[in-house]
Amino acid sequence: MKTFFKAILNLFKKPVTIKYPFEQTFIPDDYRGMIGFNENLCIWCRRCEMACPPGAIVFSQAMDGKQTYHFNRAVCIYCSECVRACPKEGAIFQTNVPAKCALKEENINNGWNILYGEALMSRAAYAAEKKRLAAEKAAAIKTEMEKKEAKS
């Protein structure tokens with residue numbers, strides 16, 4: 001019965017929490033928020049991708065060699081390991097901006113799984129194409145050497 005009266009009295013007390021959408025929460029100076037990326041400073045070493053524990057960073061690669069950075073804010077645990085692993089100061093950094101909520105319309109998890117798979121396949125295709133071109137070049141050099149030896 002004591003608990004019941006306490007609950008009734010709490011209906012008339014001022015709430016302890018803040019009204020979040022209308023009032024901003026306090027963000028400390030050392031808050032670890034969204035991951036930022038500066039494409040101009042990046043050396044495309046992919047260390048951030050390798051250091052990311054949940055796999056929130058992935059690079060895809062076009063056939064011309066250009067790489068593209070992809071980041072999923074819903075998968076990221078904001079541990080700052082990617083920032084520590086980056087050899088180039090300022091290429092990847094952590095801001096104090098909180099991540100937005102993921103919406104159902106974004107299909108952020110299933111879409112990320114598809115994007116992640118496509119990125120890995122694009123890198124494998126690029127590596128296979130590079131290997132094929134190297135083999136063709138080696139074969140062309142070998143045939144040219146054989147022609148020179150045949151003439152001698």
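**Note on the predicted model**

1. Contacts and burial. In this predicted model, 69% of the contacts in the protein chain between residues at least 6 apart in sequence join residues at least 24 apart. Buried residues account for 23% of the 152 residues in the chain.

2. Overall dimensions. The radius of gyration of the protein chain is 26 Å, whereas a compact globule of 152 residues would have one near 15 Å. Along the principal axes, the C-alpha atoms occupy a box of roughly 105 × 30 × 25 Å.

3. Secondary structure. The protein chain contains 4 helices and 4 strands. Read from the N terminus, the order of these elements is α-β-α-β-β-α-β-α.

4. Span of helix H4. Helix H4 comprises 44 residues, 108–151. At 1.5 Å a residue, the helix should span 64 Å, and because its end C-alpha atoms are 64 Å apart, the model agrees with that expectation.

5. Buried positions in H4. Which residues of H4 are buried? They are Ile108, Trp112, Ala119, Ser122, Arg123 and Tyr126. An α-helix has 3.6 residues a turn, so residues three or four places apart point the same way. The partners of the buried residues of H4 are helix H2 (47–51), strand E2 (57–61) and strand E3 (67–71), against which they pack.

6. Cavities. How many cavities of 30 Å³ or more are there? The count comes to 2.

7. Lining of the largest cavity. This cavity is lined by Phe37, Cys42, Ile43, Cys45, Arg46, Arg47, Cys48, Phe59, Cys86, Lys88, Ala91 and Ile92. By class, its lining consists of 9 nonpolar and 3 charged residues, with no polar residue.

8. Lining of the second largest cavity. Here 13 residues form the lining, and those nearest the centre of the cavity are Cys52, Pro53, Cys76, Cys79 and Cys82. The class composition is 11 nonpolar, 1 polar and 1 charged.

Definitions and conventions. Residues numbered from 1 in each chain as written. Predicted model: local features only at pLDDT ≥ 70, side-chain atom pairs only at ≥ 80, totals over all residues. Heavy atoms only, no water. Helix = DSSP H or I, 4+ residues; strand = E, 2+ residues; numbered from the N terminus. Expected span 1.5 Å × (residues − 1). Buried < 20%, exposed > 50% of the residue type's maximum accessible area, 1.4 Å probe, protein only. Contact = heavy atoms within 4.5 Å. 1 Å grid on protein atoms, 1.4 Å probe; cavity = no way out; pocket = protein on both sides within 12 Å on 5 of 7 lines; lining within 4 Å. Points joined across faces, edges and corners; volume = space filled by probe spheres on them. Nonpolar A, V, L, I, M, F, W, Y, C, P; charged D, E, K, R; others polar. Rg over C-alpha atoms; globule rule 2.2 N^0.38 Å.
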